[in-house]
Amino acid sequence: QVQLVESGGGLVQAGGSLRLSCVASGRTFSIYNMAWFRQAPGKERESVATIRWSGGFTVYADSVKGRFTISRDNAKNTVYLQMNSLKPEDTAVYYCAGRTAGQGYDYWGQGTQVTVSS
């Protein structure tokens, strides 16, 4: 099993920045991919950014390209999401997720609220 704990959410004005962190513990050697998802009220959960645990290959949703950066520190078992130029439509609960090779995202954090005021 892998446990994920997010931190770093909060309230920020439009145009501001936040950095989310996700610390993984447990069987971290089994992780193949990590991702950040978000879910806004009344909307489905969507993938924001993903990163390969080994090698660092990244994928971003079109809505955040050029504004958000996902990164990882394998020594600290931590994944980050740097969010710049935030917009009110970025308001959501952000979740960290992890998966092993060939599987879906089985591991989820508790979520952290990000609120962007206009």
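This is a short chat about a predicted model of a protein chain.

Student: Hi! How many helices and strands does the protein chain have?
Tutor: Hello! There are zero helices and 11 strands in this predicted model. Along the sequence, the pattern reads β-β-β-β-β-β-β-β-β-β-β.

Student: And how does the radius of gyration sit against the globule rule?
Tutor: The protein chain has a radius of gyration of 13 Å, close to the 13 Å that the globule rule gives for 118 residues, so it is as compact as a globular protein of that length. Along the principal axes, its C-alpha atoms fill a box of roughly 40 × 25 × 25 Å.

Student: What share of the residues is buried?
Tutor: Of the 118 residues, 43% count as buried. As for the surface, the protein chain exposes about 6000 Å², with carbon and sulfur atoms supplying 47% of that area.

Student: New topic: charges. How far apart are the mean positions of the positive and negative ones?
Tutor: They are 6 Å apart, for 12 positive and 8 negative charges.

Student: Now Asn33. Where does it lie?
Tutor: Asn33 is in strand S4, which covers residues 33-39.

Student: Is Asn33 buried or exposed, and why?
Tutor: Asn33 counts as buried, because its relative accessibility is 7% and the cut-off for buried is under 20%.

Student: Which side chain makes a polar contact with the side chain of Asn33?
Tutor: That is Tyr105, at 3.1 Å. The Asn33 side chain also reaches the backbone nitrogen of Arg52, at 3.4 Å.

Student: What else does Asn33 touch?
Tutor: Leaving out residues up to four places away in sequence, Asn33 touches several residues, among them Thr50, Ile51, Trp53, Ala97, Gly98 and Arg99.

Notes. Residues numbered from 1 in each chain as written. Predicted model: local features only at pLDDT ≥ 70, side-chain atom pairs only at ≥ 80, totals over all residues. Heavy atoms only, no water. Helix = DSSP H or I, 4+ residues; strand = E, 2+ residues; numbered from the N terminus. Rg over C-alpha atoms; globule rule 2.2 N^0.38 Å. Buried < 20%, exposed > 50% of the residue type's maximum accessible area, 1.4 Å probe, protein only. Areas by Shrake-Rupley, 256 points an atom, 1.4 Å probe, with all protein chains shown as cover. Lys, Arg positive; Asp, Glu negative; His and termini not counted. Charge placed at Lys NZ, Arg CZ, Asp CG, Glu CD. Polar contact = N/O pair within 3.5 Å; in protein donor to acceptor, adjacent residues only side chain to side chain. Contact = heavy atoms within 4.5 Å.
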